[in-house]
Amino acid sequence: MLKISLARLRRDLTALARFGSNPGGGVSRPAWSPAHEEARAWLLAQMKEAGLETSVDPAGNTFGRHGDGAPLVLTGSHIDSVPDGGTLDGALGVLAALECLRTIREAGVPLKHPLAVVAWSDEEGRYGSLFGSRAFTGKLDAAKIPEMRASDGERLVDAMARAGFNAREAPRAPADPGSVAAYVELHIEQGPHLEAKGIPIGVVEGIVGIRRNRILFQGEPDHAGTTPMARRKDAFLAAAEYALAAREHVVGRGSGRSVTNFGVVEVKPGVTNIVPARAALLQEMRELDGKILGRLERECTALAKRIARRRGIRVAIERISRNEPARMAPEVQRTIEAAAATLKLRTLRMPSGAGHDAQNLATITKAGMIFIPSRGGRSHRPDESSDRRAIERGANVLLHTLLKLAS
Ligand SMILES: [Zn+2]
């Protein structure tokens, strides 16, 4: 049975991890940074050495292709990282894909469809999340490109220009309709479920939808020394009560995998001797089932209003963003399971709580994702890791999935 070379894959992972490496471990390799561009040049050289036909589209997506004709079977992930990120997030999916194509070429396996490995641009969203796969699937809004900025204020157009790209050309990256027969991405789970269950392969059923709302409670800015407690209209305490109650509600009334987070809290006027008159919370909710997600959002809105009313203050809810869940193709899920069965590996169907480029690809082709266990469920941090055998198993499942999809 055809197998990848773990030694070669690990050599590549080590080599890529040098670009943007941090002294304390892990990498900082944001999209379009010098470290990222050096990593891209290295990746292109590896693709060429493997005998692949390379290309880079106007959005900076980097491809290595094996075989002629159309439609192609696409596999990959991303080589950018979050600041102080780990060495496997994204990198594993790109380098395992490269190793699979190398293995298939060397074995001279005849295929019906060409295969291509891809590294998508700015998956982590320094300037705009899932930028490259949005461009490839025709979802980039050209009018917004001049305004796209990193959190430190740097403009996307400047960052891309420094790397030799014209950001205004990026919306010209879409694939021809029907040119991609299927997409499959190998990724670390970034969560604890596979490790806890002792199952080597996760088959992703879909990528969760996300709702982000700003909940603004408005009370009265009274003197914090002279106003009796019973008379205060404290916006912060309403926000605090709401955050705790919403957390209980999402846990108790969600799917069992529904999550919510209050990542930003602003309290105004923000001094010790004035009762908080305004408290704004940024709330995020994630869930794979769109109906449950919508219901939780409505119920949380009602909850915020009830709490505000009882405390005699006002609340306004502003929608920041909404992302619908993306279902992975049942056919690709079954193909991954069949590939795992060939290798005698157990699988678990699961949602992805993190966003991935596969959610964009799912809108133009049959898309699927393979997860492998993350040690301690850790990710987006320098000590992100997966067992070497877990990496080998995941790459072999990707190999056999690709063989099935392309023949
Ligand atoms: Zn990733």
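Two residues are in contact if their C-beta atoms, placed from the backbone, lie within 7 Å. In this predicted model, H249 touches E299, C300 and L303 by that criterion, when residues up to four places away in sequence are not counted. H249 belongs to helix α7, which covers residues 235-253. Between H249 and L303 there are 54 residues along the chain, yet their C-alpha atoms are separated by 9.1 Å. H249 has 18 C-beta neighbours inside 10 Å and therefore counts as partly exposed.

The chain as a whole contains eleven helices and 13 strands. Its C-alpha trace spans about 80 × 45 × 45 Å along the principal axes. The radius of gyration is 23 Å, which agrees with the value near 22 Å that a compact globule of 407 residues would have. Of the 407 residues, 48% are buried. Among contacts between residues at least 6 apart in sequence, 78% join residues at least 24 apart.

The largest nonpolar core has 68 residues. Within this core, the residues that touch the most other members are A96, C100, I370, A395, L398 and L402. With neighbours within four places in sequence left aside, the contacts of I370 include V184, L186, I201, V203 and I336. I370 is also in contact with G202, G394, V397, L398 and T401. Another core lies apart from the largest one; it has 23 residues, among them F217, A235, A277 and A304.

Two packed helices are described by the angle between their axes and the distance between the axes. For helix α1 (residues 6-17) and helix α11 (residues 388-406), the angle is about 110 degrees and the axes are 10 Å apart. Because angles of 65 to 115 degrees count as roughly perpendicular, α1 is roughly perpendicular to α11. On the α1 side the contact is made by L6, L9 and R10, and on the α11 side by R388, I391, E392 and A395. Four of the residues in this contact are nonpolar, three are charged and none is polar.

K139 lies between α4 (131-136) and α5 (156-162). K139 is partly exposed because 15 other C-beta atoms lie within 10 Å. Its contacts, not counting residues up to four places away in sequence, are R134 and N360. K139 and G252 are 113 residues apart in sequence, and their C-alpha atoms are 35 Å apart in space. S129 is in the loop between β4 (115-120) and α4. With 14 other C-beta atoms within 10 Å, S129 is likewise partly exposed. The C-alpha atoms of S129 and F236 are 31 Å apart, with a sequence separation of 107 residues.

Most residues other than glycine have a negative phi, and most peptide bonds are trans. A cis peptide bond joins A70 and P71, with omega about -10 degrees. P71 is in the loop between β2 (62-66) and β3 (72-78). K268 and P269 are also joined by a cis peptide bond, with omega about 0 degrees, and P269 is in the loop between β8 (259-268) and β9 (278-287). Q190, which is not a glycine, has a positive phi of about 70 degrees. Q190 is in the loop between β5 (180-188) and α6 (193-197), and its 19 C-beta neighbours inside 10 Å make it partly exposed. K344 has a positive phi near 60 degrees and lies in the loop between α9 (330-342) and β12 (347-352). K344 counts as exposed because it has 6 C-beta neighbours inside 10 Å.

Note on methods
Residues numbered from 1 in each chain as written. Predicted model: local features only at pLDDT ≥ 70, side-chain atom pairs only at ≥ 80, totals over all residues. Core = buried A, V, L, I, M, F, W, Y, C linked by C-beta atoms within 7 Å. Buried ≥ 20, exposed ≤ 12 C-beta atoms within 10 Å, placed from the backbone. Helix = DSSP H or I, 4+ residues; strand = E, 2+ residues; numbered from the N terminus. Rg over C-alpha atoms; globule rule 2.2 N^0.38 Å. Axes fitted to C-alpha atoms, helices over the stretch in contact; angles between N-to-C directions. Parallel < 35°, antiparallel > 145°, perpendicular 65-115°, else oblique. Nonpolar A, V, L, I, M, F, W, Y, C, P; charged D, E, K, R; others polar.
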